[in-house]
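Please read this briefing alongside the structure shown below.

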Amino acid sequence: MIEVRGAGGAPGIVTGPIVLYRPASTTGTTSFVDRRDRAVAYFTALGERLRARDLADEAAIFDAQALLVADPALAAAVTSRASGASVPEAICAAIDELAAPLEALPDPYLRGRASDIRAVGAALLGEERSPDLPPGAILVARDLTPAETVNLPLSSVAGLVTVLGSATGHTAILARALGIPAVVGLGEEALTAPDGTPAILDGQAGLLILDPDRATTARYVELRAAQQAATARRTALIGLPAETSDGRRIALWANVGSLSEVKAAISAGAEGIGLLRTEFLFLQRSTPPAEDEQFAAYVSVLRMMAERPVVVRTLDVGGDKPLAYLPPASEPNPFLGERGIRFSQRFPDLFRTQLRALLRAAVYGDLRIMLPMIATAADLDWARGELAAVVDDLRASGTDFRGEAPFGIMIETPAAAVMADRLAARAAFFSVGSNDLAQYALAADRTVAQLAGRYSGDDPAVYRLIAMTVAGSRGAGISVGVCGELAGDPHAAMALVGLGVAELSMAPGSIGAVKEQLRASTFADAEQAGRRACSS
Ligand code: PEP
Ligand code: MG
């Protein structure tokens, strides 16, 4: 039995024989132009297929690849190598030249761009094939292009495994959208087992077990049955209120970072969006989105949520999420540098454009604006000053807008939690970003693997800061929510409710488990959990 660990790509447990995916060979004399035209048509057709399944966000992956394959820079790179080389050789060399420099960069988004270029190469070379799979197979590949993922025979493929790729890569996104359990970023050992080797794939845990022994197989069969039963129980709760057994209502909202996640939030029964991460509009492109593009995106979320609250966080880049087109100044400690609201202070025009788009969109629903990484009252006052200027501009231009959209802040720094009483007088609401609050409280960078044992939101120091935040909010009577990962953990959620948190916002997939836990508990249970969390 061999356990190979990777990252969770798409949840679900499956057992089955593995089949190695081998790309087709790359010969042929078709001209570059013919190959290119065929690839454009191919990507366009794949995009249309996804749109027909209501997967517009995922379809955009193929729109981008269609543009990339038609890019004159690619044609020029291939043509410059045409003499003395076959067409496939010239394509391989050109793709290497374009992708390799991006693959060497630390920025995951630029590396994602490199995998798009490689995917375009695979389509040009005609390397893609639809593998012949026995029913119930687990497909193991070094890499799968988005096109190959979409072309998998869904009736036979039980799960998929790739050596390359990350949880945020296109293959994982598509596997989640198509409901195929997946593990990505595995060690090379995954490629060493022959076809037919029995295996277990746990997409949640990011684990592939080759040649499992009997006891392990039995354990996973049980685990799968338990997961299926839990899903059925939680599905039955979707239309029911989120409340303790003695009737204390808690708002369960969803965190989303794309339009397709808004759909997932609605299906999961979210009563609102507690955190719309607007970074999706700004990353993976070469210039910032214009006001109208942002306006249209915010309005579509509001329309989808039909009057339910949508808390939109202003741009939160910097730290581990740099913008390629506005790189940060060189910083020895990016998480202590110009991130969140500080980035907006450095680029105030970007912030004003976003505020304009938000205030215009606020006419179409219950939009609330939330500021990330506030450390001092001066940060909030600066943002309020910008808001006032934007309101004046919009009024002067006669544009339709709603200037009084609630303006709240994230509590992500210990300073903000400690000063919550002062901040409460100036903010419409608080939402605790427990992911950052934990890393700053415990002085442990959330992205450093060696510190994983020191970094946890489920820590008494973090709960005490949250309790201080709730106490600080009381004088002004504003509500406190939590939108970090802590809110989506059923036991932590109980403690948060006991500490007086009114809204819990989490990944859509966590809503069912948290609701189930709350409905099975009294408010006194929650209060006890809150006290224990602060003292343990
Ligand atoms: C947080 O810090 O808890 C949070 C929700 O923001 P992000 O994870 O996007 O930094
Ligand atoms: Mg944060």
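In this predicted model, 13 residues surround ligand 1, the closest being Arg277, Glu412, Gly433, Asn435 and Arg446, where a surrounding residue has a heavy atom within 4 Å of the ligand. Local features need pLDDT of at least 70 and side-chain atom pairs pLDDT 80 or more, while totals for chains, interfaces and linings use all residues. Residues are numbered from 1 along each chain, chains are lettered from A and ligands numbered from 1 as written, and side-chain values use heavy atoms, without hydrogens and water.

**Ligand 1**
- An oxygen atom of ligand 1 lies 2.9 Å from an N or O atom in the side chain of Glu412, and a polar side-chain atom of Asp436 is 3.0 Å from an oxygen atom of the ligand.
- Of the 290 Å² that ligand 1 exposes when taken alone, the protein buries 97% (Shrake-Rupley method, 1.4 Å probe).
- Helix H17 gives the largest share of the shell around ligand 1, 3 residues (helices are DSSP runs of H or I, at least four residues).

**Magnesium ion**
- Glu412 (OE) and Asp436 (OD) coordinate the magnesium ion (ligand 2) at 2.0 Å, donors being N, O and S atoms within 2.8 Å of the metal (3.2 Å for Na, K and Ca).
- Because Glu412 lies in the loop between strand S13 (407-411) and helix H15 (414-418), and Asp436 in helix H17 (residues 434-441), the pair ties together parts that are 24 residues apart in sequence.
- Both Glu412 and Asp436 are buried (under 20% relative accessible area; exposed is over 50%, partly exposed in between).

**Met468**
- Met468 lies in helix H18 (residues 460-474) and counts as partly exposed because its relative accessibility is 39%.

Methods: Helices (H or I, at least four residues) and strands (E, at least two) are DSSP runs, numbered from the N terminus. Buried means under 20% relative accessible area, exposed over 50%, partly exposed in between (1.4 Å probe, protein chains only). A polar contact is a pair of N or O atoms within 3.5 Å; within protein, one must be able to donate a hydrogen and the other to accept it, and residues adjacent in sequence count only if both atoms are side-chain atoms.
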